[in-house]
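Dear colleague,

Please find below the structure that I am handing over to you, followed by an account of what was found in it.

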Amino acid sequence: MKNPNDGFIKGRLRSMTFALKGMWLLITTEDSIKAQLFFGFIATVLGFYFNISMNEWMLQTLVIGMVLVAEALNTAVEKVADFVHPDYHEKIGFIKDIAAGAPAFAAFTSLIIAGIIYLPKIIAIL
């Protein structure tokens with residue numbers, strides 16, 4: 001919540017504190033984020049191993065971030081839906097299924113980009 005007494009800098013620092021708290025909560029409580037961070041770590045190790053180009057690093061970093069953002073937003077939608085209607089409800093289930101589609105799209109996209117980056121390098125070794 002915005003404090004009317006906060007100046008611009010103090011307000012930004014306060015916002016950053018909330019953002020870091022949110023990131024910490026996701027990392028420490030959500031298995032889906034933990035899994036995606038693990039896959040992101042593996043992709044980063046592979047990037048160093050195969051000495052990928054600057055453009056490949058940018059694409060890889062972008063899709064890792066995209067997957068994490070999609071997972072975070074999906075978690076937020078699910079938490080709100082569960083708060084609004086804790087019991088099973090068909091419409092809430094529909095909303096949660098749609099929200100779960102976002103990280104699935106992001107993950108599929110990241111797999112395609114990983115294939116474009118790494119398959120030629122793996123084939124060259126074989």
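**Helix packing and selected residues**

Helices α2 and α3 are roughly antiparallel to each other, a term used for angles over 145 degrees, whereas angles under 35 degrees count as roughly parallel, 65 to 115 as roughly perpendicular and the rest as oblique. The axes of α2 (residues 31–49) and α3 (residues 54–84) cross at roughly 175 degrees and come within 10 Å. Axes here are lines fitted to C-alpha atoms, for helices over the stretch in contact, and angles run from 0 to 180 degrees between N-to-C directions. Helices (H or I, at least four residues) and strands (E, at least two) are DSSP runs, numbered from the N terminus.

Before going further, please note that this is a predicted model, in which local features need pLDDT of at least 70 and side-chain atom pairs count only at pLDDT 80 or more, while totals for chains, interfaces and linings use all residues. Residues are numbered from 1 along each chain as its sequence is written, and side-chain values use heavy atoms, with hydrogens and water left out.

**The contact of α2 with α3**

On the α2 side, the contact is made by S32, I33, Q36, L37, G40, A43, T44, G47 and F48, and on the α3 side by W57, Q60, I64, V67, L68, E71, A72 and T75; contact means heavy atoms within 4.5 Å. By class, this contact has nine nonpolar, seven polar and one charged residues. Ala, Val, Leu, Ile, Met, Phe, Trp, Tyr, Cys and Pro count as nonpolar, Asp, Glu, Lys and Arg as charged, and the others, Gly among them, as polar.

Two residues illustrate this contact. Q36, in helix α2, counts as buried because its relative accessibility is 19%; buried means under 20% relative accessible area, exposed over 50% and partly exposed in between (1.4 Å probe, protein chains only). Not counting residues up to four places away in sequence, Q36 touches V67, L68 and E71. W57 lies in helix α3 and, leaving aside neighbours within four places in sequence, is in contact with T44, G47, F48 and I52. The C-alpha atoms of W57 and A43 are separated by 9.9 Å, although these residues are 14 apart along the chain.

The loop between α2 and α3 contains N51, which is exposed, with a relative accessible area of 66%. Phi of N51 is near 50 degrees, a positive value in a residue other than glycine. Most residues other than glycine have a negative phi.

**The contact of α1 with α2**

Helix α1 (residues 8–29) packs on α2 at an angle of about 90 degrees, with the axes 6 Å apart. That makes α1 roughly perpendicular to α2. L26, I27, T28 and T29 in α1 meet D31, I33, K34 and L37 in α2. The residues of this contact divide into four nonpolar, two polar and two charged.

**Helix α4**

Helix α4 (residues 90–125) has 36 residues and reaches 51 Å from its first C-alpha to its last, close to the 52 Å expected at 1.5 Å a residue; the expected span is 1.5 Å times one less than the number of residues. The buried residues of α4 are I92, G93, A99, P103, A106, A107, S110, I113, I117 and Y118, and they pack against α2 and α3.

Where does α4 have a kink? A kink of about 35 degrees lies at Y118, shortly before the proline P120; the bend at a residue is the angle between axes fitted to the seven residues ending there and the seven starting there. Y118 is buried, with a relative accessible area of 6%. Leaving aside neighbours within four places in sequence, Y118 is in contact with A43, L46, G47, F50, I52 and Q60.

A104 and V67 are 37 residues apart in sequence and 8.4 Å apart in space, C-alpha to C-alpha.

Yours sincerely
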